[in-house]
Structures are given as C-alpha cells and as structure tokens.
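Dear colleague,

Please find below the sequence and structure that I am handing over to you. My findings follow directly after.

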Amino acid sequence: MSLETVRLSQPARDRLVRLKRTTGITQWNVLCRWALALSLRDSSTPLVKDVVTDSNVEMTWKTFAGQHGDIYLALLKQRCIADGLPLTEENVAQTLTVHLHRGIGYLGGHKELTTIEGLVGSVTS
C-alpha cells in the first residue's frame with residue numbers, strides 16, 4: 001500500500017455517486033477531500049481497519065491532494081502520531097484509507113451534508 005494511488009471500495013464509490021448527484025460536486029477528489037477532513041476532525045479511531053478497495057475509482061495522490069498535498073500529508077502523519085502509530089509509509093497510507101472511507105460514510109449518512117451549504121456548515125461549526 002502506498003500513497004501514490006488512492007483507491008476506493010465499491011460501497012464508497014456508490015455513496016460518492018449519490019453525493020455527486022445531490023451536491024452537484026462532480027469531481028471525486030473534491031468529495032474525497034471533504035470526507036478526509038470530516039473523518040480526521042473526529043478524534044475517535046475508525047472502527048473499520050481493513051478496507052477492500054475494489055471499485056474502479058482510483059486517482060493519483062497528486063489528483064487527490066492537489067496543490068495542498070503537503071498539508072494533507074502532514075495531517076495524516078499527525079493523525080498517525082496521535083493514534084500511536086509509527087510513521088511508516090504503510091501506516092500513513094492505511095490512515096488515509098480508513099479515514100477517507102469513514103469520512104465518505106459521514107458524508108453519505110447525514111442529510112445536511114448533501115448540499116454544498118451543508119458541507120461547509122459541517123466543517124465550520
């Protein structure tokens with residue numbers, strides 16, 4: 001597992017398809033960034049540790065993170081430290097995967113998060 005390619009599970013892909021339709025946000029990477037931020041904001045440890053990334057949705061780290069790749073990487077490393085994990089590439093990549101998928105679950109599970117206004121309000125409150 002590495003950070004070079006970000007892959008999604010089929011259930012995560014299905015949720016994002018619905019979110020793309022309801023929010024009008026058409027880019028996978030934008031929704032995935034929101035999802036990661038929402039999950040990292042939650043101090044609890046994600047319950048699911050093993051995510052099967054079996055969908056046809058994948059993107060490079062550069063596409064996922066855009067011009068803020070260093071910031072996202074720092075946030076992931078900080079989360080590894082906070083969770084007591086050694087800073088290895090494997091742990092950082094695993095942290096990305098579990099938080100990304102938990103965040104997608106958050107996005108798909110709350111009605112107020114199905115609009116751009118709801119997404120912005122959830123992060124700023």
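Please note that the model is a predicted one. Thr95 belongs to helix 5, which covers residues 89-109. Its side chain reaches the backbone oxygen of Asn91 at a distance of 2.8 Å. When neighbours within four places in sequence are set aside, the residues in contact with Thr95 are Leu76, Arg79, Cys80 and Leu85.

**Overall arrangement and confidence**

The chain has 125 residues, of which 38% count as buried. Its secondary structure comes to six helices and two strands, and from the N terminus the order of elements is β-α-α-β-α-α-α-α. Among contacts with a separation of 6 or more, 77% are between residues 24 or more positions apart.

The average pLDDT of the chain is 87, and 86% of the residues score at least 70. Helix 4 has the highest mean pLDDT among the elements, at 96, while helix 6 (residues 116-124) has the lowest, at 61. Where pLDDT is low, the predicted coordinates should not be read in detail.

In soluble globular proteins, nonpolar side chains tend to be buried together. The largest nonpolar core here holds 27 residues, and the members that touch the most others are Leu8, Cys32, Trp61, Phe64, Leu96, Leu100 and Ile104. Two or more residues are given to this core by each of helix 1 (10-23), helix 2, helix 3 (61-65), helix 4 (69-82) and helix 5.

Apart from neighbours within four places in sequence, Phe64 is in contact with Val6, Asn29, Cys32, Arg33, Leu36, Met59, Leu96 and Leu100.

**Helix 1**

The 14 residues of helix 1 should span 20 Å at 1.5 Å a residue, and this agrees with the 20 Å between its end C-alpha atoms. Its buried residues are Ala12, Leu16, Leu19 and Thr23. These four lie on the same side of helix 1, because the arc they cover around the axis is only 60°. An α-helix has 3.6 residues a turn, so residues three or four places apart point the same way. Pro11 and Arg21, on the other side of helix 1, are exposed.

Both ends of this helix deserve a remark. At its start, a side-chain oxygen of Ser9 comes to within 3.2 Å of the backbone nitrogen of Ala12. After helix 1 comes Gly24, with a positive phi near 85°.

Arg18 also lies in helix 1. Arg18 counts as partly exposed, because its relative accessibility is 43%, a value that falls between the limits of 20% and 50%. The C-alpha atoms of Arg18 and Gly108 are 8.0 Å apart in space, although the two residues are 90 positions apart in sequence.

**Helix 2**

The buried residues of helix 2 are Asn29, Leu31, Cys32, Ala35, Leu36, Leu38, Ser39 and Leu40. Among them, Asn29, Cys32 and Leu36 are in contact with Phe64.

With kind regards

Notes
Residues numbered from 1 in each chain as written. Predicted model: local features only at pLDDT ≥ 70, side-chain atom pairs only at ≥ 80, totals over all residues. Heavy atoms only, no water. Polar contact = N/O pair within 3.5 Å; in protein donor to acceptor, adjacent residues only side chain to side chain. Contact = heavy atoms within 4.5 Å. Buried < 20%, exposed > 50% of the residue type's maximum accessible area, 1.4 Å probe, protein only. Core = buried A, V, L, I, M, F, W, Y, C linked by side-chain atoms within 4.5 Å. Expected span 1.5 Å × (residues − 1). Arc of directions from axis to C-beta. pLDDT = per-residue confidence, 0-100.
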